[in-house]
Amino acid sequence: MIETNCSLKPFNSFAIEAKTEQLFYLKTRKQFPELLNHIKIAEQNKRPILILGAGSNILFCENFAGLIIKVELSGIEIIESKNNYQLHIGAGENWHQLVANCIEKGIDGLENLALIPGVVGAAPVQNIGAYGSEFKDFCESVEYIDLESGELHRLTTEQCLFGYRDSIFKTVVLGNCLITQVTLNLTKQWHPKSRYGALNDLKDKTAKQIYQSVCQIRSEKLPDPDKLGNAGSFFKNPVVNQEVANALLARYPTMPNYPQNDGRIKLAAGWLIEQANLKGRQIGGAVVHQQQALVIVNQGDATASDIVQLAALVRDTVKQKFNIELEHEVRFIGAQGETNLSEVLKRV
Ligand code: EPU
């Protein structure tokens, strides 16, 4: 079934009012032929197509002039073998619920990734990560349907080209694929990942303890999107070369910095934003969050334009003070599909 002229407010965690011309709920695999047919018609009518999960990492900058496919494919199958658990999970399952269920069942590994909003099918797209773990550490394969041919494909972890908040699904196959199922492999030789600050101090390093601690840290720092609209970290942490990092460290010796495997240094965008005095800065209903400056929140009545203007102010102020270019992690969706901050600013 397809709905027309629908509000997208319930379908984006910023809770921004925007509309879409068409909305199709994909609940079962039996709907694949119907889905492909709607896509064909949209393409014939030169309408853009957007695949939506829980809408927890997007900003609808304006009304969407095409077809949105809301992925609600469900189902979790767990196959236990001597050394590991293999999990086949429908793309529409809730990520945190999956993590919570695994911990409850004594299937360890995903605890550091607790409370990340969104659905399972979105996890590989930006290779979600937190507190020393990333989605790619547990991924065995990702299944997707090619929206042109209708064929199902399965990519191994290597083929997914995972990077920091990045994957093949944001680049090579973007726009042409819909993730249907994710397969995870969780080893029974579990080791805690607890190098991150507060986790390091835990006495009892069981998966359940780490899970509870991560839930606590996140609830203290990150606003609950059900209460205060937001999309998590708005910007990526910038990764710079050694020279740039050293020059900044000479001026700001306490600046957090994380050396990467490739010799470059990751900086904390939240720290840069806080040092630029932007915590609590407000434009209309959009505010730089007090507890975590990397998050922009909708105080209740923000428009997309408020958020865009505030994001531009943050980017420009940080650039001025530190000569560091912040790149947004939140994906911007315009009337015709994915866009970005600079493009949107040209239009207002
Ligand atoms: N910091 C500040 N002020 C702030 C925020 C942070 O000084 O307002 C400092 C902190 O004190 C710390 C450093 O910056 O020294 C890093 O902060 P934090 O540990 O809170 O993590 P982050 O780098 O801001 C990243 C991820 C989060 C993830 C956390 C924990 C990105 C873009 N964000 O944030 O992911 O939960 O690490 O691992 O990589 C998300 O992607 O939506 C997200 C929430």
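Biologist: So which residues are closest to the ligand, and how many surround it?
Modeller: 24 residues surround the ligand, and the closest are Y131, Y164, Y196, N237 and E274. A residue counts as near if one of its heavy atoms lies within 4 Å. Keep in mind that this is a predicted model: local features need pLDDT of at least 70, side-chain atom pairs count only at pLDDT 80 or more, and totals for chains, interfaces and linings use all residues. Residues are numbered from 1 along each chain as its sequence is written, and side-chain values use heavy atoms, with hydrogens and water left out.

Biologist: What sort of residues make up that shell around the ligand?
Modeller: The shell has 11 nonpolar, 6 polar and 7 charged residues. Here Ala, Val, Leu, Ile, Met, Phe, Trp, Tyr, Cys and Pro are nonpolar, Asp, Glu, Lys and Arg are charged, and the others, Gly among them, are polar.

Biologist: Which side chains have an N or O atom by a ligand oxygen?
Modeller: Q292 is one of them, with a side-chain N or O atom 2.9 Å from an oxygen atom of the ligand. For E329, a side-chain N or O atom is 3.1 Å from a ligand oxygen. A polar contact here is a pair of N or O atoms within 3.5 Å.

Biologist: And what about the backbone of A293?
Modeller: A polar backbone atom of A293 is 2.8 Å from an oxygen atom of the ligand.

Biologist: Which elements give two or more residues to the shell?
Modeller: They are β8 (129–130), α4 (207–221), β13 (229–233) and α6 (269–275). The largest share, 3 residues, comes from α6. Helices (H or I, at least four residues) and strands (E, at least two) are DSSP runs, numbered from the N terminus.

Biologist: Why does the ligand lie between domain 2 and domain 3?
Modeller: Domain 2 (76–213) and domain 3 (227–345) both give residues to the shell, so the ligand lies between them. The domain bounds come from an automatic or database domain assignment.

Biologist: How many bridges hold β10 and β11?
Modeller: β10 (residues 139–146) pairs with β11 over 5 bridges, in the antiparallel sense. V142 has L155 in β11 as its bridge partner.

Biologist: What about the sheet with 3 strands, which order is that?
Modeller: It's an open sheet in the order β4-β20-β21, with mixed pairing. β4 (58–60) and β21 (337–339) are the edge strands. β4 and β20 (residues 331–334) run parallel and are joined by 3 bridges, and I58 stands opposite R331 in β20.

Biologist: Last one: which strands does β2 pair with?
Modeller: β2 (residues 19–26) runs antiparallel to β1 (residues 2–7), with 5 bridges joining them. β2 also pairs with β5 (residues 64–71) in the parallel sense over 6 bridges. T4 has Q22 in β2 as its bridge partner, while L23 has I68 in β5.

Definitions and conventions: A polar contact is a pair of N or O atoms within 3.5 Å; within protein, one must be able to donate a hydrogen and the other to accept it, and residues adjacent in sequence count only if both atoms are side-chain atoms. Two strands pair if DSSP finds at least two bridges between them.
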